[in-house]
Amino acid sequence: MLAVFFDIDNCLYSASSSISQLMMKRIRTYFIELGHTEEEAERLHSAYYRQYGLAIRGLVKHHEIDPMDFNERCDASLPLEDLLKPDPAIRQLLMDIDRSKVKVWAATNAYISHAERVLKILNLRDLIEDIVFCDYQDPAFTCKPEPEYYEMAMTKIGLSPDDPADRAKCFFIDDSLSNVRAAKTIGWGSCVWFREQLSPEARAHLVSGDEAATQSALRAPSGSYAEQLKQSLEAGDGAETEGVDAVISNLHQLRNIWPQIFKDPSNSNTTEREPKEG
Ligand SMILES: [Mg+2]
């Protein structure tokens, strides 16, 4: 049995939804309401993202915040129902995975309530067997790209993190390059970086979307959350593919990258959606 782990945010839906920008704004506001200036908020957010993989880790560690309060005020307050809609082609893609050979899970750095909500809106929840998430209720919760997160995922799905053969059975796709590299480093079998290529219109919308906040965030220091977002939004020349098995710009390319997880491709009704080359 193979295990396929899909990241959720900016992976199962397009970054053009602007959800990341809204999230970024809420996190900055959260810092400011803790008593920090706007500049400190920006600096701390970037620093924690760079150091811990997500802001909440730093907030719990250094500011003793209540993670569930953070979840309420950041993730849960997002108007996801207005921003996301199901994509029948993505649903078909997941339906075409051969469930007799493959377990299909989601692996997110969000809390379970956000993950469930997004999957439900996208009309994908019934196609995802279970969700690996950041358990904000556990003071010692782990997140991507920490090795412990991937080991937790394996244990949850019934594989042994200590067994290299089991590690090789894990396939993974994420829009965060560092998350993908971390999975590869611990020996997961196939690790794919989803680097979306947005249309010029979508990019323009995203960058102009409101928000001086977006503009300033996109100028943030390298390695920050905003930098990763920017990196994943920009079409590149494929130079950063070191440490990953493949880079795709369209989830339908998985049919070519992972043919072994799909039912007989000749039966697929979405083969006309041949992706552009990344
Ligand atoms: Mg993501």
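**View 1. Crossing of helices α2 and α3 in the predicted model.** Helix α2 (residues 38–52) and helix α3 (residues 55–63) have axes that come within 7 Å and cross at roughly 100°. Angles of 65 to 115 degrees count as roughly perpendicular, so α2 is roughly perpendicular to α3. From α2, the residues L44, H45, A47, Y48, Y49, Q51 and Y52 take part in the contact, meeting A55, R57, G58 and L59 of α3. Sorted by class, the contact of α2 with α3 holds seven nonpolar, three polar and one charged residues.

**View 2. The open sheet of six strands.** The strand order is β3-β2-β1-β4-β5-β6, and the pairing is parallel. The edges are taken by β3 (130–132) and β6 (246–248); each has a single partner strand, so one side of each is left without a neighbour in the sheet. On average, neighbouring strands of this sheet are turned by 25° against each other, with direction ignored.

**View 3. Pairing of strands β1 and β4.** Strand β1 (residues 2–6) and strand β4 (residues 170–174) run parallel and are joined by four bridges. A3 stands opposite C170 in β4. In general, strands of a sheet pair through backbone hydrogen bonds.

**View 4. The protein chain as the setting for the close-ups.** Its secondary structure comes to 14 helices and six strands. Of the 278 residues in the protein chain, 41% are buried. Among contacts between residues at least 6 apart in sequence, 67% join residues at least 24 apart.

Conventions
Residues numbered from 1 in each chain as written. Predicted model: local features only at pLDDT ≥ 70, side-chain atom pairs only at ≥ 80, totals over all residues. Pairing = 2+ DSSP bridges. Helix = DSSP H or I, 4+ residues; strand = E, 2+ residues; numbered from the N terminus. Axes fitted to C-alpha atoms, helices over the stretch in contact; angles between N-to-C directions. Buried ≥ 20, exposed ≤ 12 C-beta atoms within 10 Å, placed from the backbone. Contact = placed C-beta atoms within 7 Å. Parallel < 35°, antiparallel > 145°, perpendicular 65-115°, else oblique. Nonpolar A, V, L, I, M, F, W, Y, C, P; charged D, E, K, R; others polar.
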